[in-house]
Amino acid sequence: MTGRRLPGDTARMDLSFSKEDEAYRQEVRAWLRKNLPKRETDAEGGELTLDDPRRIANAKAWQRKMYDAGYVATGWPEEYGGHGASILRQSILNEELVLAKAPTLIGMMGIQMLGPTLIRTGTDEQRKRFLPKILTAEELWCQGYSEPGSGSDLASLKTRAELDGDFFVVNGQKVWTSTAQFADWMFCLVRTDPSAPKHKGISYLLIDMKSPGITVRPLVQMTGQAGFNEVFFDNVRVPRKNLVGNLNEGWIVANSTLSFERNMLASTTRTQQLMSDLVRLAGRRTRNGGKALKDPVVRQRLAELEIQVEAMKFHSWKQLSDGIHGRSPGIGASINKLVTTELNHAICAAALDVLGGYGGLAKGAPHVEDRGVWPIDWMFTLGMIIGGGTSQIQKNIIAERGLGMPRSA
Amino acid sequence: MDFGLTDDQRLLAEAARQFLAGESTPQAVRRIAEDPQGFSPELNRRIAEQGWPGLLIPEAYGGLGLGILDAAVILTELGRALTPAPFLSSGVLATTLFLSAATAAQRRAWLPRLASGEVTATVAWLEDSERFDPAGIKLPARKARSDQIRLSGAKLFVLDAQVADVLIVAVRSKRGVGPDGVSLLLVPRDTPNLELTPLPTIDRTRRAYEVRFDDVAVPRSHLLGGEGKAWKHLARMFDVACVAIAAESQGGAERALEMAVEYAKVREQFGRAIGSFQAVKHMAAESFADIEPSRSLLWYAAWAQQAIPKDASRAASMAKARLGDVYSRVANRAVQMHGGIGFTWEHDIHFWFKRAKVNELSFGTPTWHRERVAQLSGW
């Protein structure tokens with residue numbers, strides 16, 4: 001192909017936003033600046049624990065406020081309480097929330113995971129009953145997927161649901177259930193046909209957490225937070241109308257939810273923020289009598305991270321553009337999850353290196369830096385590498401679906 | 001917001017890939033690599049017919065009038081095919097200097113012939129220090145007569161000098177170590193007392209030379225642009241060179257992974273394809289997870305050269321550092337995925353493996369560029 005070009009074609013790569021989109025960004029930014037809640041802290045100046053009633057009340061109020069301002073679930077169709085916002089507008093909003101360090105919405109499970117599932121696969125009755133309260137945080141949702149015997153091999157799950165007239169009777173156990181200790185409802189994968197091949201005997205049920213027979217036991221993470229739970233089901237009765245999709249077709253319903261989760265976990269804006277926090281830290285700390293940020297070895301390590309962070313930033317722009325212009329995402333979600341979670345952990349590890357002996361100090365200790373957040377984030381980011389599909393599972397997916405390599409025996 | 005290649009650029013890439021699949025097969029590449037001269041006049045002629053030598057040259061001079069991102073698209077395909085051809089040295093680096101530094105008369109005299117492929121050029125700028133800053137340019141330009149300059153000294157790592165008709169030589173018109181006083185001289189390769197000595201590297205798909213000047217006489221009219229004011233052109237060329245090498249490395253990494261995955265799907269051990277073993281799958285997946293974001297980084301860096309001048313140098317260094325590491329790692333894994341035969345001369349993968357390393361080491365190593373990124377980030 002020679003000589004057939006329009007002048008200016010080479011400049012078609014366009015990183016600008018329309019005037020309207022820019023105006024939207026400024027509007028969001030201004031609103032956040034005015035309305036961001038004050039951080040409520042405990043006696044040592046640290047974050048309130050996840051199940052502290054004050055935190056839950058504040059978080060619900062914050063989501064309500066965001067909802068009233070039109071900033072919750074903007075991508076949902078208008079008929080279900082969203083704004084039909086474009087992928088671009090949703091991205092702009094997400095970016096501004098991260099930049100402003102706004103608290104994550106307490107109703108995120110419902111907004112990002114269950115809500116879109118009900119919109120796509122639920123009945124009108126289910127949508128009417130559940131969607132409005134997801135939006136206002138009046139009802140909070142948790143995800144009942146993993147079990148002690150079914151983590152990476154989720155389809156092997158055993159929590160049993162047997163039909164008894166108009167009710168399912170549920171027996172079994174879920175694990176790693178984040179927020180179960182204060183959630184009102186659970187969307188849950190259960191075994192409804194033990195005789196079928198494992199992917200074909202699963203159903204997707206909505207379970208009221210106040211049902212008799214449910215016991216929630218917090219699990220403490222290595223960070224010291226009771227960030228997730230075990231949930232036990234002892235003859236729990238669930239109305240048949242709480243089935244989402246068809247009987248024994250829950251795996252298909254769940255797979256769409258899982259891909260939302262992978263995107264949720266991988267936010268490049270958060271990674272950029274961690275990186276800039278790291279640079280600021282290195283600028284404050286010293287090494288061998290000078291600023292850590294001037295040390296050549298520190299610079300090498302930080303520059304390597306910075307380059308990878310920037311690469312992921314440009315890659316997210318490419319994926320955003322693909323989404324806007326209808327191009328296939330391919331295996332992008334798995335690559336994002338794999339790369340971003342490991343990058344976040346590596347950034348925290350670099351921060352601990354910069355801190356040296358101070359890096360191990362816990363929240364509340366004398367001389368602690370940044371309220372002891374770095375060692376905690378270093379641990380938490382390792383949890384993020386494991387959760388939502390381990391790095392090893394992501395690599396299997398990338399190899400099999402991205403490169404067409406054969407399944408392992 | 002549209003971050004990516006235009007439809008035209010996608011078509012350019014497809015056409016280039018098809019052309020090279022026919023003209024620059026692994027067998028052809030191997031033949032040229034094993035040839036003492038290291039180039040094929042026939043292949044270079046066919047490439048010129050594609051218009052690529054004139055890719056960056058304005059249409060008014062017979063070129064295609066395209067930009068650095070378009071050049072990166074072609075370079076990615078050339079890197080994928082490992083084509084031994086002077087596109088990087090002449091079509092990109094020397095051309096960039098011409099476009100940046102040449103007077104109007106020099107543009108009229110040279111650009112059309114460069115665009116048609118009638119003339120090939122290369123750049124001689126590095127010396128034994130291999131410094132990329134102005135202090136690396138020491139070769140003195142001695143004023144012999146009012147109309148003549150004489151050169152005595154040497155330049156290293158001059159790419160494709162054996163096919164170049166003319167060399168653009170970076171010299172010092174005024175003593176000093178700073179940017180002030182650096183000049184560019186056009187020196188035809190057949191000028192008396194100019195001697196080329198091959199610098200064989202482990203990568204036989206691209207040839208580099210030492211060029212010695214033994215009191216070589218050059219007319220003053222051969223100064224490219226203003227005397228003593230040429231550093232800024234070289235600095236810009238350096239950023240473009242970083243992007244160009246990174247683009248080759250992106251294509252090479254993609255091809256190396258493809259070859260390894262293809263092999264892993266058919267090679268059987270223990271009664272099954274080795275590609276079904278997780279260890280092998282994970283090596284492939286890690287390579288893939290490296291090369292997808294690196295492509296986006298490359299596109300940004302290429303586009304930034306013309307569209308975001310403030311970020312051009314930083315972006316160029318990011319791309320050079322990252323692609324240097326990515327291609328080397330991907331090629332290393334690719335050799336290992338081939339097992340024993342990956343280590344042989346007879347199998348093709350070693351050619352990509354060696355280009356990966358030489359690309360990593362040329363125009364600044366990843367370590368060197370990371371420090372530059374730190375500086376340009378204001379740290």
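Let's start with chain A. Its domain assignment gives domain 1 (21–106), domain 2 (141–248) and domain 3 (266–403). Domain bounds here come from an automatic or database domain assignment.

Some ground rules. This is a predicted model: local features need pLDDT of at least 70, side-chain atom pairs count only at pLDDT 80 or more, and totals for chains, interfaces and linings use all residues. Residues are numbered from 1 along each chain as its sequence is written, and chains are lettered from A and ligands numbered from 1 in the order in which they are written.

Stay with chain A. The C-alpha centres of its domain 1 and domain 2 lie 29 Å apart. Their contact takes 4 residues from domain 1 of chain A and 5 residues from domain 2 of chain A. Contact means that the C-beta atoms of two residues, placed from the backbone, lie within 7 Å. On the domain 1 side of chain A, those residues divide into 2 nonpolar, 1 polar and 1 charged. On the classes: Ala, Val, Leu, Ile, Met, Phe, Trp, Tyr, Cys and Pro count as nonpolar, Asp, Glu, Lys and Arg as charged, and the others, Gly among them, as polar.

Now the overall build. Chain A has 11 helices and 10 strands. Both are DSSP runs numbered from the N terminus: helices are H or I with at least four residues, strands are E with at least two. The radius of gyration of chain A is 23 Å, close to the 22 Å that the globule rule gives for 409 residues, so chain A is as compact as a globular protein of that length. That radius is taken over C-alpha atoms, and the globule rule is 2.2 Å times the number of residues to the power 0.38. Along its principal axes, the C-alpha trace of chain A spans about 75 × 70 × 50 Å.

One helix pair in chain A. The axes of helix H9 (residues 332–355) and helix H11 (residues 391–403) of chain A come within 9 Å and cross at roughly 145°. Axes are lines fitted to C-alpha atoms, for helices over the stretch in contact, and angles run from 0 to 180 degrees between N-to-C directions. Which residues make the contact? From H9(A): A:Ser334, A:Ile335, A:Lys337, A:Leu338 and A:Glu342. From H11(A): A:Ser391, A:Gln394, A:Lys395, A:Ile397 and A:Ile398. By class, that contact has 4 nonpolar, 3 polar and 3 charged residues.

On to chain B. It is divided into domain 1 (7–120), domain 2 (122–228) and domain 3 (232–376). The centres of domain 1 and domain 3 of chain B, taken over C-alpha atoms, are separated by 21 Å. In contact there are 22 residues of domain 1 of chain B and 25 residues of domain 3 of chain B. Helix H2 (26–33), H4 and helix H5 (87–101) of chain B each give two or more residues to the domain 1 side. H4(B) gives the largest share of that side, 10 residues. The domain 1 side of chain B divides into 15 nonpolar, 5 polar and 2 charged residues.

Next, the sheets of chain B. In one open sheet, 4 strands run in the order S2-S3-S7-S6, with antiparallel pairing. Two strands pair if DSSP finds at least two bridges between them. Why is one side of S2 and of S6 left without a neighbour in the sheet? Strand S2 (141–145) and strand S6 (194–198) of chain B stand at the edges, each with a single partner strand, so one side of each has no neighbour there. The twist averages 15° from one strand to the next.

Take the pairs in turn. S2(B) joins strand S3 (residues 148–159) of chain B through 4 bridges. A hairpin of 2 residues links S2(B) to S3(B). B:Arg142 has B:Arg150 in S3(B) as its bridge partner, and B:Ala141 has B:Leu151 in S3(B). S3(B) then joins strand S7 (residues 208–219) of chain B through 10 bridges, running antiparallel. There, B:Lys155 has B:Val211 in S7(B) as its bridge partner.

The other sheet is open too, with 3 strands in the order S1-S4-S5 of chain B and mixed pairing. S1(B) and strand S4 (residues 166–172) of chain B pair in the parallel sense over 4 bridges.

Last, the two chains together. Their contact takes 51 residues from chain B and 47 residues from chain A. H8(B) gives the largest share of the chain B side, 16 residues. By class, the chain B side has 26 nonpolar, 14 polar and 11 charged residues.
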